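Colleague: I'm new to reading protein models. Could you take me through this one, feature by feature?

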Amino acid sequence: MLHELLLALLGYTGDLIIHNSNSDDRPFKLASDISFIQPSDRDLIERIITLGFYYRELDRFATESRNLSWIRSAKNESPLDLSSSKNPASVYRRAIANGVVEILSVYRSAVLHIEQKLLAETVPILATVTQGLNKFFVLLPPLYELILEIERDNIRGGQLLNLLHKRCHCGVPELQTCIQRLLWHGHQVMYNQLASWMVYGILQDQHGEFFIRRQEDTDVEHGSSLPDIPEKLARLSTDDTSLTDWHLGFHISLDMLPEYIHMRVAESILFAGKAIRVLRNPSPSFRREDALYYQPMPRGSQKLQGLTGRFSFQKEPLMVAKPMGEELLPQTEADKIEAMLLDLKESSEFHKRSFESAVDSIRAIAASHLWQLVVVRADLNGHLKALKDYFLLAKGDFFQCFLEESRQLMRLPPRQSTAEADLMVPFQLAALKTISEEDKYYPRVSLRMPSFGFTVKSSQVDIPKPKDYADGNSSFALSSASSEMSLDGWDGIALEYSVDWPLELFFTQEVLSKYRRVFQYLLRLKRTQMELEKSWASVMHQDHTDFANRRNDRVNHPVTQQRRQRFRPMWRVREHMAFLIRNLQFYIQVDVIESQWNVLQAHIQDSHDFTELVAFHQEYLSALISQSFLDIGSVSRILDGIMKLCLQFCWKIENQENGSTTSELEHITEEFNKKSNSLYTILRSSRLAGSQRAPFLRRFLLRLNFNSFFEATARGVLNVVRPRPTLPALNQQ
């Protein structure tokens, strides 16, 4: 009977102790035909042998979870098939099973000790067994419930860690220590995956249990079609795997993220791994360029190519580079990251604060080296300056020349087949006149008409002689029919900027689209300002010509004085238009762009963290858009309407002799007054006065309303219908 009892405690039933599959409370029980055991002893024995059932089930779970036969079947099955099978392969479950085996070995040792004690001494059997196994009554039943929940709900990976972390919070010290040991085993797997990801940039997660997941895995799990993935990657317009991994390759799987790991920490882990992948796998083209740059320079050469001298720490002489992957991430830094993770791994308990501190330190290391790569080696500041020059019109002489060269062309509607090629001619002429050969960023800029097809690179068009477009009798001469055409077709002019690795990590397509949006707005504004100036010059030239003719021949030119009287109201309206456009342009270029550029430059000098730079640059772009009112639909629509009215007014003035009527000019004047006053009213609204753009807005309003003219004329403009302003002098024939 003693050996039957001991064998039952290890999960083996026989003739005296049988397995009762119909009972959940007493799965092991004594056979009913045993009559020599008292009822009280029978109850005690059946209670004791319940531990044998728990042992057997826990041992079964450990054996199944530690079975490695799936390795052979994995050759013929995909990881997705393995994870959806009846007994899914799981490294985390195998780690927990190792912890269960440790606990069961302690239990077996206790049973063996009881057997040795009973055989060596004459002691009460049941009392000795109960006393030796009493502590396991608080361990094995909760563990059995734990494995039941794991198997029933198919809990794996981070979900399993989360479950164990919750079970650690209990009032039984022995059980708490036991669950913590199981959690320690699970964390060993997580730390191994973290080391692979954050030291080498490799995602070791064959069964989809880590909270960092490849994007393609998610697409497959949710049933999206595989051809969609290449389409997503194709949007990046690059073949570099490091770039595609950075933007679309990895994400955080919330299902596998334990609740005790904060989302911010998980994002830091994701960023650190992606940064390490970038540093360890540089683009082949970047390797070649960097190798050329790091060749020894001849003595006496003072023209150093490559890094800018803006950063004080860049003082070492140039030398032949080490292997690229090692140089971007030195081995000492990788060893430091690995040592941090090893310290966490060897700790007997999981300390949340220590874990978060180590992750922040690793992220700072990765961000610092990525900053060194992008800012210093790839000359980020030079490219930012180039984007400011071309997209934010800092090279005003270039765009002034471009608009003058293309002025006659833009007065005709764009031709669908040749719009970009037609524009490239004045674009190249302006470049020849204003841009020096030392500007290494200009070849990266290309002109584009998005609504009319492909991009034309600056090197693809031959430059004709300037007279092709300067001839007033050419096909681009303005006619009365074309003066009625809207200029919306030319408002789509955009710039493209060619960005190489690793700057594509910083200048994403979203960022470049914001630059294009601001560029189109600024170009329309500059174009409007130039047309207002040209119209004034044209009218003044005509006035001086008429005055000279009148002095020479008073008989044949009696209407010169009448013409001057007729033009005076036009000049006044034109000056109001020019005043508004000039102040708006000055406000955007000086108060907005230059001010925000200085803030960004200060951040670049002070920060050595790549993610901080990305955030600062996003703030810079958001400030440009916000303070230029591009994010307020009502204001941007009014500004667009004002610019169109200004252009139409300029055409009408220059073509008075071609039949422009005074009613058209009166209508344009009335619409301009309404829109300008509405603009002032909206900008002074309480909603904008309390926004973050308020300090800059006040400067703009002060320039507009320095003599209270707008305030006087705009009062009640949205609700009161004012009489139509007339130009009495225009009615004279």
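Modeller: Rings of Phe, Tyr and Trp pair if their centres lie within 6.5 Å. Ring pairs of that sort link Tyr390, Phe391, Phe398, Phe399, Phe402, Phe427, Tyr442, Tyr497, Tyr515 and Phe519 into a cluster. Keep in mind that this is a predicted model.

Colleague: How many aromatic pairs does a search of the whole structure find?

Modeller: The search turns up 25 aromatic pairs. Take Tyr390 and Phe398: their ring centres are 6.0 Å apart and their planes meet at 80 degrees, so this pair is edge-to-face. The cut-off for that label is an angle over 60 degrees.

Colleague: Are Tyr390 and Phe398 buried or exposed?

Modeller: Buried means under 20% relative accessible area. Tyr390 has 0% relative accessibility, so it counts as buried. Phe398 is buried too, with a relative accessible area of 0%.

Colleague: Which ring does the charged end of Arg47 sit over?

Modeller: That would be the ring of Phe137, with the charged end 4.1 Å from the ring centre.

Colleague: Can we zoom in on one residue? Where is Gln176 found?

Modeller: Look in helix α9, residues 173–199. Gln176 is partly exposed, because its relative accessibility is 28%. Leaving out residues up to four places away in sequence, Gln176 touches Cys168 and Cys170. Gln176 and Leu139 are 37 residues apart in sequence, and their C-alpha atoms are 9.3 Å apart in space.

Colleague: What about Ser253: where is its place?

Modeller: Ser253 is in the loop between β4 (250–252) and α13 (263–280). It is buried, with a relative accessible area of 8%. The side chain of Ser253 makes a polar contact with that of Arg213, at 3.3 Å. Not counting residues up to four places away in sequence, Ser253 touches Phe210, Phe211 and Arg213.

Colleague: Now strands. How many bridges join β5 to β6?

Modeller: There are 4 bridges between β5 (residues 445–448) and β6, and the two run antiparallel. Leu447 stands opposite Leu495 in β6. In β6 (residues 494–497), Ala494 and Glu496 point one way, Leu495 and Tyr497 point the other way, and all are buried.

Colleague: Finally, what does the whole protein look like in numbers?

Modeller: The protein has 30 helices and 6 strands. Of its 733 residues, 50% are buried. Among contacts with a separation of 6 or more, 78% come from residues 24 or more positions apart.

Note on methods: Residues are numbered from 1 along each chain as its sequence is written. This is a predicted model: local features need pLDDT of at least 70, side-chain atom pairs count only at pLDDT 80 or more; totals for chains, interfaces and linings use all residues. Side-chain values use heavy atoms; hydrogens and water are left out. Rings of Phe, Tyr and Trp (its six-membered ring) pair if their centres lie within 6.5 Å; planes under 30 degrees apart count as stacked, over 60 as edge-to-face and the rest as tilted. Buried means under 20% relative accessible area, exposed over 50%, partly exposed in between (1.4 Å probe, protein chains only). A charge sits over a ring if NZ of Lys or CZ of Arg is within 6 Å of the ring centre and within 35 degrees of the ring normal. A polar contact is a pair of N or O atoms within 3.5 Å; within protein, one must be able to donate a hydrogen and the other to accept it, and residues adjacent in sequence count only if both atoms are side-chain atoms. Contact means heavy atoms within 4.5 Å. Two strands pair if DSSP finds at least two bridges between them.
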